[in-house]
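Welcome! Have the viewer open and work through the exercises below, trying each task before you read its solution.

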Amino acid sequence: MRRVYPARSAMYPDHDPASLPYHAQRPRSSRARAVADARICGMNCMHALAEMLRQLFAARQGRAAEVLMDRCSRAALEKLVRESSAFLGSRVLYAVEDRLRHRKPQLDDTALPTIRAIASVLNAWLHDGRRLAIRAVLRELSEDELRELAALPELNDEVATMTGDFAGGNAP
């Protein structure tokens, strides 16, 4: 005989998906933080870069994280350590600091803007099917950064379309 268990109610009423209309968006605390940081101190993709590095290390893609750090300028990595150390976590913070210690000077000559370095990893993640990781990084970008990212010619069309979900439909 099969037992029938009563349906569990959500812990919080606003987390019950059945009570929300289909088109309602979930609140995003990190998005609010990103907007506030962009307004106050010019975020310059630092939270998105921190989130991307966290995602790479969580997926055991240390080599891809090293390539990403090599593509970013020294100034961007130093700013990341200085301003986003609370969001990085000890493992990622150690990896960034270690990469800065052993960084070769010629890497700054070939460094890309941070948004372009992020775009290259987003394209690779799309081919790997890691759409949730892409969305986690896009959530950290401000609307201006999302528009700039979507306008990059090397960005995959599907990733460019995803930016509209976070820019309020303003991105292509």
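This is a predicted model: local features need pLDDT of at least 70, side-chain atom pairs count only at pLDDT 80 or more; totals for chains, interfaces and linings use all residues.

**Exercise 1.** Which residues in α7 meet which residues in α9?

Residues are numbered from 1 along each chain as its sequence is written, and side-chain values use heavy atoms, with hydrogens and water left out.

*Solution.* 
- Step 1: Find the partners. Helix α7 covers residues 131-138 and helix α9 covers residues 157-166. Helices are DSSP runs of H or I with at least four residues, strands are runs of E with at least two, and both are numbered from the N terminus.
- Step 2: Look for contacts, meaning heavy atoms within 4.5 Å. On the α7 side they involve Arg131, Ile134, Arg135 and Leu138, and on the α9 side Glu158, Val159, Met162, Thr163, Asp165 and Phe166.
- Step 3: Sort these residues by class. Ala, Val, Leu, Ile, Met, Phe, Trp, Tyr, Cys and Pro count as nonpolar, Asp, Glu, Lys and Arg as charged, and the others, Gly among them, as polar. The contact of α7 with α9 then has five nonpolar, one polar and four charged residues.

**Exercise 2.** At roughly what angle do the axes of α7 and α9 cross?

*Solution.* 
- Step 1: Take the axes, which are lines fitted to C-alpha atoms, for helices over the stretch in contact; angles run from 0 to 180 degrees between N-to-C directions. The α7 and α9 axes come within 10 Å and cross at roughly 50 degrees.
- Step 2: Name the arrangement. Angles under 35 degrees count as roughly parallel, over 145 as roughly antiparallel, 65 to 115 as roughly perpendicular and the rest as oblique. Therefore α7 is oblique to α9.
- Step 3: A crossing is left-handed if the near helix is turned anticlockwise from the far one by less than a right angle, and right-handed if clockwise. Here α7 passes α9 in a right-handed crossing.

**Exercise 3.** Describe how α2 and α3 cross, and which residues make their contact.

*Solution.* 
- Step 1: The axes of α2 (residues 46-58) and α3 (residues 62-71) come within 8 Å, crossing at roughly 155 degrees. So α2 is roughly antiparallel to α3.
- Step 2: This crossing of α2 and α3 is left-handed.
- Step 3: From α2, Leu49, Met52, Leu53, Leu56 and Phe57 take part, and from α3, Gly62, Ala64, Ala65, Leu68 and Met69. Their tally is nine nonpolar, one polar and no charged residues.

**Exercise 4.** Is Arg60 buried or exposed?

*Solution.* 
- Step 1: Locate Arg60 in the loop between α2 and α3.
- Step 2: Apply the cut-offs: buried means under 20% relative accessible area, exposed over 50%, partly exposed in between (1.4 Å probe, protein chains only). Arg60 has 75%, so it is exposed.
- Step 3: Check its backbone. Phi of Arg60 is near 60 degrees, a positive value in a residue other than glycine. Most residues other than glycine have a negative phi.

**Exercise 5.** Which residues does Asp70 touch, not counting those up to four places away in sequence?

*Solution.* 
- Step 1: Asp70 sits in helix α3 and is buried, with a relative accessible area of 17%.
- Step 2: With those sequence neighbours left out, Asp70 touches Arg99, Arg103 and Leu107.

**Exercise 6.** How many helices and strands are there in the protein chain?

*Solution.* Count nine helices and zero strands. Of the 172 residues in the chain, 40% are buried.
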